[in-house]
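Work through the exercises below with the structure open beside you. Try each task before you read its solution.

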Amino acid sequence: MILYYAPGGCSLADHIALIETGLPYKLVRVDPNKPTEDGRDFTTISPKGYLPALELDDGTILTENLAILAYIAYQAGALLPEDGIDRWRALEATSFMTTEFHGNFRPILVGDRITIADPYLVVMLMWAGKNEIEVPERLTGYLAQMKKMPSVARALADEGLSLTPRQWFTDQK
Ligand SMILES: N[C@@H](CCC(=O)N[C@@H](CS)C(=O)NCC(=O)O)C(=O)O
């Protein structure tokens, strides 16, 4: 699989999920109005021009965070409980973030297991930090815990980002 990403963009959620599951993947960086890292016009890969995009092993391109995160979870048999209400809560929370994250940040965590909602919430909370938007202490504590996860630290390092989002987009490679 190939994840087309922009450093610190919402594709970071998929990047963390890929690392967390241990599935094999490659990264191709996409910057606005530039050829992809490997020299292609991104709109020939994904005509919408939006990130993230995931290229499956058969060349199929999948877009939309909710679909990509659910696909990663399905392939790995992880990050999305197989049944029970937590499965639907994880999808509910991820859908809420993809559609409504510009609204209020709310405590929407699912149970005590990591699901596909968590990497997305990490990105949203980091964006909040970058924009100096205050979030409830409970979520600040959650983010501090999540930043200690090896998958989060590795995804940030791979994208050339610091743990302090305020510096994002100025300290990129
Ligand atoms: N609904 C999409 C939204 C994706 C999205 O907004 N991606 C941003 C990067 S974080 C983007 O590619 N923006 C490009 C643009 O606005 O032209 C999803 O959840 O995947």
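The exercises cover an aromatic pair, a strand and a ligand.

The model is predicted, so local features need pLDDT of at least 70 and side-chain atom pairs count only at pLDDT 80 or more, while totals for chains, interfaces and linings use all residues. Residues are numbered from 1 along each chain as its sequence is written, and side-chain values use heavy atoms, with hydrogens and water left out.

**Exercise 1.** Describe the geometry of the rings of Tyr-4 and Phe-42.

Solution. Start with the rule: rings of Phe, Tyr and Trp (its six-membered ring) pair if their centres lie within 6.5 Å; planes under 30 degrees apart are stacked, over 60 edge-to-face, and the rest tilted. The structure holds 1 aromatic pair. The ring centres of Tyr-4 and Phe-42 are 5.8 Å apart and the planes stand at 45 degrees, so the pair is tilted.

Helices (H or I, at least four residues) and strands (E, at least two) are DSSP runs, numbered from the N terminus. Tyr-4 belongs to strand 1 (residues 2-5) and Phe-42 to helix 2 (residues 42-45), so the pair ties together parts that are 38 residues apart in sequence.

Last, check the accessibility. Buried means under 20% relative accessible area, exposed over 50%, and partly exposed in between (1.4 Å probe, protein chains only). Tyr-4 is buried because its relative accessibility is 0%. Phe-42, at 5%, also counts as buried.

**Exercise 2.** Which way do the side chains of strand 1 point, and which strand is joined to strand 1?

Solution. In a regular strand the side chains alternate between the two faces of the sheet. Ile-2 and Tyr-4 point one way from strand 1, Leu-3 and Tyr-5 point the other way, and all are buried. Two strands pair if DSSP finds at least two bridges between them. Here 4 bridges join strand 1 to strand 2 (residues 26-29), and the two run parallel. Leu-3 has Leu-27 as its bridge partner in strand 2.

**Exercise 3.** Find the N or O atoms of Leu-51, Glu-64 and Asn-65 that lie by the ligand.

Solution. Take the nitrogen atoms of the ligand, then an oxygen atom. A backbone N or O atom of Leu-51 is 2.7 Å from a ligand nitrogen. In Glu-64 a side-chain N or O atom lies 2.7 Å from a nitrogen atom of the ligand. For Asn-65, a backbone N or O atom is 2.8 Å from a ligand oxygen. Taken alone, the ligand exposes 510 Å² (Shrake-Rupley method, 1.4 Å probe), and the protein buries 63% of that.

Definitions and conventions:
Polar contact = N/O pair within 3.5 Å; in protein donor to acceptor, adjacent residues only side chain to side chain.
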